[in-house]
Each structure stands twice: as C-alpha cells, then as structure tokens.
Amino acid sequence: MLAVCLSAAVLLWAFWQKRQRVWLAERNSALLRELAGASSLSRLNRVYTILSAVNHVIMHARDRADLLDQTCRVIAERGGFPLVWVGLGDAATGWIEPAARAGSASAHLAAVRLSARDVPEGRGLSGRAIRENRAVIVSDLFADPDLRPGHDRARAAGVRSGAAFPLHIYGRPVGVLSIGAVEVGFFDQ
C-alpha cells in the first residue's frame, strides 16, 4: 500500500512539474509578445515625435539649406539615430551630393561617393531610392550583399539597419533622405 501511495505521489509530482513548465513557457511567450508590442509602440511614438518636430522645422525654416540642416538634426536627435543625411542628385552626372547631415556617425559620410545610377556606388539604399523612386528599407545592412562595400563604414558608425526615402519635386525624384539606426530591424514597410 505504501508503494502505491509513493507511486501516486511521484506521478502527481511529475504531472505538477510538467504543468508548471507548460505554464511558465506560456507565460514567457505572453511576456515576449507584450514586449514586442511595447517595442513597436515605442518605435511608433519615436516616429510621431519626429514628424511633429519636422513639421515645426518646415514652418520656420529660413531657406532650403536651413530646412535640410534642421530636418537632419531633428531626426537624429529626436529619433536617436546616429546617421541622418540628405543628398541631392545631379541629373547630369548621376552623383548624389550631400546637402545636409547630422548624428554622431555623420562624419563617416565625408569620404563616401554615391550615385543614383546602377553602378557599384549606386547600389546602396540612397542610390536605389532615387533610381527606383521608392522607399528602400534594409532591416540588416550586413545581410544585404549589395551593401558589402559599405560594411566597414556601417560597422564603424554603429549602424545596423537603414531606410532611404526619395525626395520629389513635381513628382520627379531629385534627392534622398537616408536614416541609419543602431537596431537591426528598426525600419519596416
């Protein structure tokens, strides 16, 4: 009889342990989903803060240079981005000339030569955004083989993901706004 009671107790204990593991796994999964939602909400909040500040800059800028400089500065500071820059395309040569930049890693752009044409210097985010006239988002810069030539600069700048948005005048892309983030997967469609 004692053996039957001990066996039953061991089985109950094993069942309880298994149930506890299942409960903990479910709870951890729920917490991870909750954290992902909070992260998404935090990211969205950053975007709205930036948009509000940029709208303020648009209303108060003195000229185009001031508009571009202040926009880059606001995006870098309010968004916590190490790299924000605006490049304007030269239709005759295809080169993208830096017009404004901000962020702790903006000095890494000093020696970079970018093109809007389909050449090695134009296969990055900015060149593709102008050439294809669409937003280009790369969740992990180090996973994109087209960006391999810039991996050392990105690593030194602490940039892991990026987005580039074409700037238009009368529907024609004339420049690009590019943003680099330290988080992999920060940008999404």
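**Questions about rings, strands and a helix**

Biologist: Let's start with Phe-187: is it buried or exposed?
Modeller: This is a predicted model, so keep in mind that everything here is computed. Phe-187 has a relative accessible area of 10%. The cut-off for buried is under 20%. Phe-187 therefore counts as buried.

Biologist: Which residue forms a stacked aromatic pair with Phe-187?
Modeller: The structure holds three aromatic pairs. In one of them, the ring centre of Phe-187 is 5.9 Å from that of its partner, with 15° between the planes. The partner is Phe-81.

Biologist: How many residues apart are Phe-81 and Phe-187?
Modeller: Phe-81 belongs to the loop between H2 and E1, while Phe-187 is in the segment after strand E6 (172-181).

Biologist: What angle lies between the planes of Phe-186 and Phe-187?
Modeller: Their centres are 5.0 Å apart and the pair is edge-to-face. Phe-186 is also buried, because its relative accessibility is 7%. Phe-81, Phe-186 and Phe-187 form one aromatic cluster. The angle between the planes of Phe-186 and Phe-187 is 85°.

Biologist: Which residue has its charged end over the ring of Trp-95?
Modeller: Trp-95 has Ser-115 as its bridge partner in E3. E2 and E3 (residues 114-115) pair in the antiparallel sense over two bridges. The charged end you're asking about sits 3.9 Å from the ring centre, and it belongs to Arg-113.

Biologist: How many residues lie between E1 and E2 in their hairpin?
Modeller: E1 (residues 83-89) and E2 (residues 95-102) run antiparallel and are joined by six bridges. In that pairing, Val-84 has Ala-102 as its partner in E2. The turn includes Gly-94, with a positive phi of about 85°. Between the two strands of the hairpin, the number of residues is five.

Biologist: Moving to H2, how far apart are its end C-alpha atoms?
Modeller: H2 covers residues 64-79, which makes 16 residues. At 1.5 Å a residue, the helix should span 22 Å. The model agrees with that, because the end C-alpha atoms are apart by 22 Å.

Biologist: Which residue caps the N-terminal end of H2?
Modeller: Look for a side-chain oxygen 3.3 Å from the backbone nitrogen of Ala-65. Just after the helix, Gly-80 takes a positive phi of about 70°. Inside H2, the buried residues include Leu-68, Val-74 and Ile-75. The N-terminal cap is Asp-63.

Biologist: And how far is Ala-61 from Thr-71 in space?
Modeller: Ala-61 is in the loop between helix H1 (2-60) and H2, and at 27% relative accessibility it counts as partly exposed. Leaving out residues up to four places away in sequence, Ala-61 touches Asp-66 and Leu-67. Ala-61 and Thr-71 are 10 residues apart in sequence, and their C-alpha to C-alpha distance is 9.4 Å.

Biologist: Stepping back, what share of the chain is buried?
Modeller: The chain has four helices and six strands, in the order α-α-β-β-β-α-β-α-β-β from the N terminus. Among contacts between residues at least 6 apart in sequence, 46% join residues at least 24 apart. Of the 189 residues, the buried share is 33%.

Definitions and conventions
Residues numbered from 1 in each chain as written. Predicted model: local features only at pLDDT ≥ 70, side-chain atom pairs only at ≥ 80, totals over all residues. Heavy atoms only, no water. Expected span 1.5 Å × (residues − 1). Buried < 20%, exposed > 50% of the residue type's maximum accessible area, 1.4 Å probe, protein only. Polar contact = N/O pair within 3.5 Å; in protein donor to acceptor, adjacent residues only side chain to side chain. Pairing = 2+ DSSP bridges. Phe/Tyr/Trp six-rings, centres within 6.5 Å; stacked < 30°, edge-to-face > 60°. Lys NZ or Arg CZ within 6 Å of the ring centre and 35° of its normal. Contact = heavy atoms within 4.5 Å.
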